[in-house]
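Please keep the sequence and the structure in view while reading.

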Amino acid sequence: MSAPDLLERHRYTWATVPGIEPVDGWTLLVRDFQDDERFWYAEYIAVRGQFERSLHTSRFRFTPTQERFAFLIANPQRAFVGRSGVLGSWDDASIDAAIAAEAVLA
């Protein structure tokens, strides 16, 4: 499948996130999703060509910005490890802290 075909496939269930430009060819898509606990929330994926990438973002504490999306794309293998040492999902505070730490180290 080519990139337009993949975006076309998702057209009825996913939408491009307004105000977020593609990063390295990846486009951020969002849809309303109801999980097994019957909570509705925005679910995000990135698509590029024939590839999809789950972003492992928090169900309730993630608001996409251009900078956060760029961080998630630049760090696809980086897992978020919470204070308890358990793998978790990326939320606004953890992404912003990681971006700030990278800026200090640069």
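## The sheet and its pairing

Alanine 15 stands opposite valine 30 in β2, where strands are DSSP runs of E of at least two residues and helices are DSSP runs of H or I of at least four, both numbered from the N terminus. The model is a predicted one, in which local features need pLDDT of at least 70 and side-chain atom pairs count only at pLDDT 80 or more, while totals for chains, interfaces and linings use all residues. Residues are numbered from 1 along each chain as its sequence is written, and side-chain values use heavy atoms, with hydrogens and water left out.

Strand β1 (residues 15–16) is joined to β2 by two bridges, and these strands run antiparallel; two strands are said to pair if DSSP finds at least two bridges between them. β2 and β3 also pair in the antiparallel sense, over eight bridges, and here threonine 27 has valine 47 in β3 as its bridge partner. Four bridges then join β3 to the antiparallel strand β4 (residues 51–54), with arginine 53 of β4 as the bridge partner of alanine 46.

Taken together, four strands form an open sheet in the order β1-β2-β3-β4, with antiparallel pairing. β1 and β4 stand at the edges with a single partner strand each, so one side of each is left without a neighbour in the sheet.

## The two hairpins

β2 and β3 form a hairpin with five residues between them, and arginine 38 in its turn has a positive phi of about 70 degrees. β3 and β4 form a hairpin with two residues between them, where glycine 49 in the turn has a positive phi of about 60 degrees.

## The chain as a whole

The chain contains three helices and six strands, and from the N terminus on its elements run α-β-β-β-β-α-β-β-α. Of its 106 residues, 35% count as buried, where buried means under 20% relative accessible area, exposed over 50%, and partly exposed in between, with a 1.4 Å probe and protein chains only.

## Where two helices meet

The axes of α2 and α3 come within 10 Å and cross at roughly 75 degrees; axes are lines fitted to C-alpha atoms, for helices over the stretch in contact, and angles run from 0 to 180 degrees between N-to-C directions. That makes α2 roughly perpendicular to α3, since angles of 65 to 115 degrees count as roughly perpendicular, those under 35 as roughly parallel, those over 145 as roughly antiparallel and the rest as oblique. Glu67, Arg68, Phe71 and Leu72 of α2 make the contact with Asp92, Ile95, Asp96, Ala98, Ile99 and Glu102 of α3, contact meaning heavy atoms within 4.5 Å.

Which residues of α2 are buried? They are Arg68, Phe69, Phe71, Leu72 and Ile73, and what covers them includes β2, β3, β4 and α3.

## The nonpolar core

The largest nonpolar core has 18 residues, and those with the most contacts inside it are Leu28, Tyr44, Leu55, Phe69, Phe71, Leu72 and Ile95. Such a core is a set of buried Ala, Val, Leu, Ile, Met, Phe, Trp, Tyr and Cys residues joined through side-chain atoms within 4.5 Å. At least two residues of this core are supplied by each of β2 (27–34), β3 (40–48), α2 (66–74) and α3 (92–105), and the largest share, four residues, comes from α2.
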